Amino acid sequence: MICLLWWLWFRNGPTARRDREIVVATTVATMLALATGRLLAHYLPFRLRPMADPALMMNFPSDPVACKVPVLRTWSSFPSDHAMMWCAVATGIFLASRRLGILAYIYAFFFICVPRVYLGMHYPTDILAGAALGIIICLLLNHPMIRARLAVPALDWSVKYQGVFYAAVFLLSFELASQFDELRRLGEFFWHNA
């Protein structure tokens, strides 16, 4: 879906400026959604993931994977930061192009959200809450007044410092696609070795 944001950025036409503003606001909303998800998971009461809850007496396909990724057992299940983040992206795409947005929502639902429930990483309510929060955050930041204020500095920077801008946005796109895993690992390394 990050590729769709790039496509929206580069498509020409009478709405090119508006599309770029939406991409900027959606990118900010996506990062805010991810941070909000982490904060809520940290400060709300801890919710054990279904795959780690012996009371459910269920076997999920993710059990062997979960043993190799112990962090999943220590992170609260609620809300789903994946649903929050990718529904925010789908919402931004929808605001710029209804047809592409519907495809983005379908993709987010079937390829991101449903597998997380099937694998026992989240309860359906984790997904629903995360999706609702991601959509709301993206809609708020894409209000025309807020969107314009967020986008102007980025759009100015994209014209004045094109090379640096596109290199930085490429790295940001990669980190968004991987949900900042590399930066999180680097931060954990420095936290534990400092």
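## A walk through the helices

F10 is partly exposed, because its relative accessibility is 44%. That falls between the 20% limit for buried and the 50% limit for exposed. The model is a predicted one. F10 sits in helix α1, which covers residues 2–10. Leaving aside residues up to four places away in sequence, F10 touches R20 and Y166. R20 is 10 residues from F10 along the chain, and their C-alpha atoms are 8.1 Å apart.

Now look at the rest of α1. Which residues of α1 are buried? They are I2, L5, L8 and W9. Seen down the axis of α1, these buried residues fall within an arc of 115 degrees, so they line one face of the helix. An α-helix has 3.6 residues a turn, so residues three or four places apart point the same way. What does the buried face of α1 pack against? Its buried residues pack against α2 (16–43), α5 (81–96), α8 (144–160) and α9 (162–177).

Helix α2 comes next. T30 lies in α2. T30 counts as buried because its relative accessible area is 0%. A polar atom of the T30 side chain lies 2.7 Å from the backbone oxygen of T26. With residues up to four places away in sequence left out, T30 touches M85, A88, V89 and L176.

Charged side chains also connect parts of the chain. How many salt bridges does a search of the whole structure find? It finds six. One joins the side chains of E21 and R147, with N and O 3.5 Å apart. E21 is in helix α2 and R147 in helix α8, so the pair ties together parts that are 126 residues apart in sequence. Are these two residues buried or exposed? Both E21 and R147 are buried.

A salt bridge also forms between D81 and R38, whose closest N and O atoms are 3.2 Å apart. This pair links distant parts of the chain too: D81 is in helix α5, R38 is in helix α2, and 43 residues separate them. D81 has a relative accessible area of 5%, so D81 is buried.

Next, take D126 and R47. They form a salt bridge, and their closest N and O atoms are 2.6 Å apart. D126 belongs to helix α7 (residues 124–141), while R47 is in the loop between α2 and α3 (63–68). The two are 79 residues apart, so this pair again links distant parts of the chain. Why does D126 count as buried? Because its relative accessibility is 0%. R47 has 28% relative accessibility, so R47 counts as partly exposed.

Salt bridges can also join into a network. R11, R18 and D19 are linked in this way.

F110 lies in helix α6, residues 98–118. F110 is partly exposed, because its relative accessible area is 48%.

Conventions: Residues are numbered from 1 along each chain as its sequence is written. This is a predicted model: local features need pLDDT of at least 70, side-chain atom pairs count only at pLDDT 80 or more; totals for chains, interfaces and linings use all residues. Side-chain values use heavy atoms; hydrogens and water are left out. Helices (H or I, at least four residues) and strands (E, at least two) are DSSP runs, numbered from the N terminus. Buried means under 20% relative accessible area, exposed over 50%, partly exposed in between (1.4 Å probe, protein chains only). Contact means heavy atoms within 4.5 Å. The arc is that of the directions from the helix axis to the C-beta atoms. A salt bridge is a side-chain nitrogen of Lys or Arg within 4 Å of a carboxyl oxygen of Asp or Glu. A polar contact is a pair of N or O atoms within 3.5 Å; within protein, one must be able to donate a hydrogen and the other to accept it, and residues adjacent in sequence count only if both atoms are side-chain atoms.
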